[in-house]
Amino acid sequence: MSNENIENRFTESVTSFSIRNGLFKTDCKYLVALSGGADSVALLLVMKKMGIDTEAVTCNFHLRGKESDRDENFCVALCERLGIKLHRSHFDTRSYAEARKISIEMAARELRYRYFEQLRQDIGAEAICVAHHQDDSIETLLMNLIRGTGINGLKGIQPINGHIIRPLLCVGRKDIVDYLNSLGQDYVTDSTNLVDDVMRNKIRLNVIPLLETINPNVRKNIFSTSLNISESMKVFDSSISRSVTEVLNAGKIDISKLKSQPSPEYTLFHILRKYNFSPAVIRQIFEHMEGASGKRWYSEDYELLSDRGYLLIRKRNKSFTMRHMKVIEPGVYVYGENLKFTFIREIKDADYKIDKSSDCACLDAGKIEFPLTIRPLQNGDRFCPLGMRGSKLISDYMTDIKRSGFEKEEQLVITNANGEIMWLVNERPDNRYKVTDKTNMILKIVLKNH
């Protein structure tokens, strides 16, 4: 095949793929992430050929000594020759990785994409074009498979991810090299890509060539499978979304409804991965979710509680611990981060109307002795619910009114100086402190969010 035919076929493939996936908009500017390697050079050239308004961006991570500077200088010379504006940035990648205790690869990725996005906004570009191709997608799929990914990981790399687009996913590495050779265009080679010291390089240099000895078409077949999975996932995601809507409501997962779904375990996985629960923990939750109430599981920022047929989710508050607060006299008291209690003495006359709202308690002041205490519910706490005779364990009372385990933990009470509970906050006053015909003075307690 002639060089002209190779060039035209490559350009047509990328153009067709871009149109099919809606990658480019008319009259918009795009950034190309340029490293100097074959992939990014081919991307820059074909986008120029397609007539797209393009600027380039390159990063020097200072990880490979003179080779890093060589790559940057190559990008500068290439863009000068093509008449394309080039943005450059330098990073102290090792210091960044050490400070955040992450790998060099992860540090470079974070620095790169953070800078790309800021630059995109600064120059008003529509998106950032990166040069991932079919072989990259195949490698990613195999890496995810080895790590034990969910179904989404088997889709490989997608053409669009937010403001990142990948126009070269329709071609492979060999197509890219043939295209550059047809143009007589040179490029640089990152020597670290030739050493099998990281998983991706081991897959690229060892695993895929071994698979090709079994089936020479393995690259094409794996990529075709990833496309089929991507299409299937559109149907799957729609079904899972309906399942999630049915079983999840206000942080509560209905276990009986979850069990009735076509795929209970994956529905649970789809819900809990958003709360950063690991696949292993989610599997454990699924296996034990019908056990005794009170079982807990934790992610970095959330906790999950098994509670009488439900799985309850709430954000973990690592900095605040509910405490005891003394109330020495009437006034305003701020409890925790957002609760404000107001204690007021009021004279009860013939026209006095008792406020019966849940955030207010009107008590007989003649039976109350300061200091009072605001505190969380404790095991064994009892009170006499207003309008009832005899005492009742508050935990039983809250179970009767269908309060969850989390709500029990967050429940506050206010006690008299003698330790008796006068008000189950936001729920019910104690019958021993109710206002009667003999009451002359009322202690009114009002709770508001601070």
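**Exercise 1.** Work out where Ser-40 sits in this predicted model, starting from its place in helix α2, and say whether Ser-40 is buried or exposed.

*Solution.* Start with the element: Ser-40 belongs to helix α2. Next, check accessibility. Ser-40 has a relative accessibility of 4%, and buried means under 20%, so Ser-40 counts as buried. Now look around it, skipping neighbours within four places in sequence: Ser-40 is in contact with Val-32, Ala-33, Leu-34, Ser-35 and Ala-131. Finally, follow the side chain of Ser-40, which comes to 3.3 Å from the backbone nitrogen of Gly-36. An unreviewed UniProt entry lists a "binding site" at Ser-35, Gly-36, Gly-37, Ala-38, Asp-39 and Ser-40.

**Exercise 2.** Find out which strands pair with β22 through nine bridges and through five bridges.

*Solution.* Take β14 (residues 339-347): nine bridges join it to β22 (residues 441-449), and the two run antiparallel. Here Lys-340 has Lys-448 as its bridge partner in β22. Then take β15 (residues 360-364), which pairs with β22 over five bridges, again antiparallel. Cys-362 finds its β22 bridge partner in Lys-444.

**Exercise 3.** Where is Ile-102 found?

*Solution.* Look between α4 (93-100) and α5 (104-123): Ile-102 is in that loop. With a relative accessible area of 27%, Ile-102 is partly exposed.

Notes:
Residues numbered from 1 in each chain as written. Predicted model: local features only at pLDDT ≥ 70, side-chain atom pairs only at ≥ 80, totals over all residues. Heavy atoms only, no water. Helix = DSSP H or I, 4+ residues; strand = E, 2+ residues; numbered from the N terminus. Buried < 20%, exposed > 50% of the residue type's maximum accessible area, 1.4 Å probe, protein only. Pairing = 2+ DSSP bridges. UniProt positions renumbered as here; feature names shortened; annotations may be inferred. Contact = heavy atoms within 4.5 Å. Polar contact = N/O pair within 3.5 Å; in protein donor to acceptor, adjacent residues only side chain to side chain.
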